[in-house]
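Please keep the sequence and the structure open while reading.

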Amino acid sequence: DVQQFIEKLNTLFPDFHANLPTEAQWEYACRAGTQTPFSFGENITTEQVNYAGNYPYAGGEEGLHRKKTVPVKSLPPNPWGLYEMHGNVWEWCADWYAKEYPKQAITNPPGPDEGIHRVLRGGSWYYYGRDTRSASRNWYEPDFRHDYIGFRLALG
């Protein structure tokens, strides 16, 4: 469904060149120049991120479990002005899921050429605080649907 939406969008607005971000692009945007578990620092609160607040990260304080998505711009943006990169919904990436990363350092690595599962990043309102870390990954078959999964477009 997402790919059909992107195809239609690119037909209507060919200068957008919209697509799903690669996993590397997604993490780069999420981190926004930081090297901590979250673009907000070492830990998070439910005032910053929409996740299952009764399962905080690394001994953090319990918080609100909204049990639903929040509208974009409901919570603070990361340092680059991107909203809801952590939590709210898992976001589809263009890459097929690979269980392990390459052993050597690679800049902007592509995912495998084929696979069964696609990568999702970001965590969601339904998942624990640890799942919203910048480095956290998930995967599902491309036709999997749930109200805790969405997508973000990369342009250009």
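Which residues does Thr 46 touch, not counting residues up to four places away in sequence? Thr 46 touches Tyr 51, Gly 53, Gly 63, Leu 64, Arg 66 and Leu 75, where contact means heavy atoms within 4.5 Å.

This is a predicted model, in which local features need pLDDT of at least 70 and side-chain atom pairs count only at pLDDT 80 or more, while totals for chains, interfaces and linings use all residues. Residues are numbered from 1 along each chain as its sequence is written, and side-chain values use heavy atoms, with hydrogens and water left out.

**Thr 46**
- Thr 46 sits in the loop between helix 2 (23-31) and strand 1 (90-96); helices (H or I, at least four residues) and strands (E, at least two) are DSSP runs, numbered from the N terminus.
- The relative accessible area of Thr 46 is 6%, so Thr 46 counts as buried (buried is under 20% relative accessible area, exposed over 50%, partly exposed in between; 1.4 Å probe, protein chains only).
- A polar atom of the Thr 46 side chain lies 3.1 Å from the backbone nitrogen of Leu 64.

**Salt bridges**
- The count comes to 8 salt bridges, each defined as a side-chain nitrogen of Lys or Arg within 4 Å of a carboxyl oxygen of Asp or Glu.
- Arg 121 forms a salt bridge with Glu 23, with the closest N and O atoms 2.9 Å apart. This pair links distant parts of the chain, with Arg 121 in strand 2 (residues 118-121) and Glu 23 in helix 2, 98 residues apart.
- Arg 137 also meets Glu 23 in a salt bridge (2.5 Å, N to O). Here Arg 137 is in strand 3 (residues 137-140) and Glu 23 in helix 2, 114 residues apart.
- Both Arg 121 and Glu 23 are buried, and Arg 137 is buried too.
- Glu 23, Glu 27, Arg 31, Arg 121 and Arg 137 are linked in a network of salt bridges.
- Arg 152 forms a salt bridge with Glu 91, with the closest N and O atoms 2.8 Å apart. Arg 152 is in the segment after strand 4 (149-150) and Glu 91 in strand 1, 61 residues apart.
- Arg 152 is partly exposed at 22% relative accessible area, whereas Glu 91 is buried at 4%.

**Nonpolar surface patch**
- Phe 5, Leu 12, Phe 13, Phe 16, Phe 151, Leu 153 and Leu 155 make a nonpolar surface patch of about 660 Å². Patches are made of residues with over 30% relative accessible area and no salt bridge; like charges are joined within 9 Å, and nonpolar side chains (Val, Leu, Ile, Met, Phe, Trp, Tyr) within 5 Å. Accessible areas come from the Shrake-Rupley method with a 1.4 Å probe; for residues, only the protein chains shown count as cover.
- Phe 5 lies in helix 1 (residues 2-12) and is partly exposed, with a relative accessible area of 41%.

Definitions and conventions: Polar contact = N/O pair within 3.5 Å; in protein donor to acceptor, adjacent residues only side chain to side chain.
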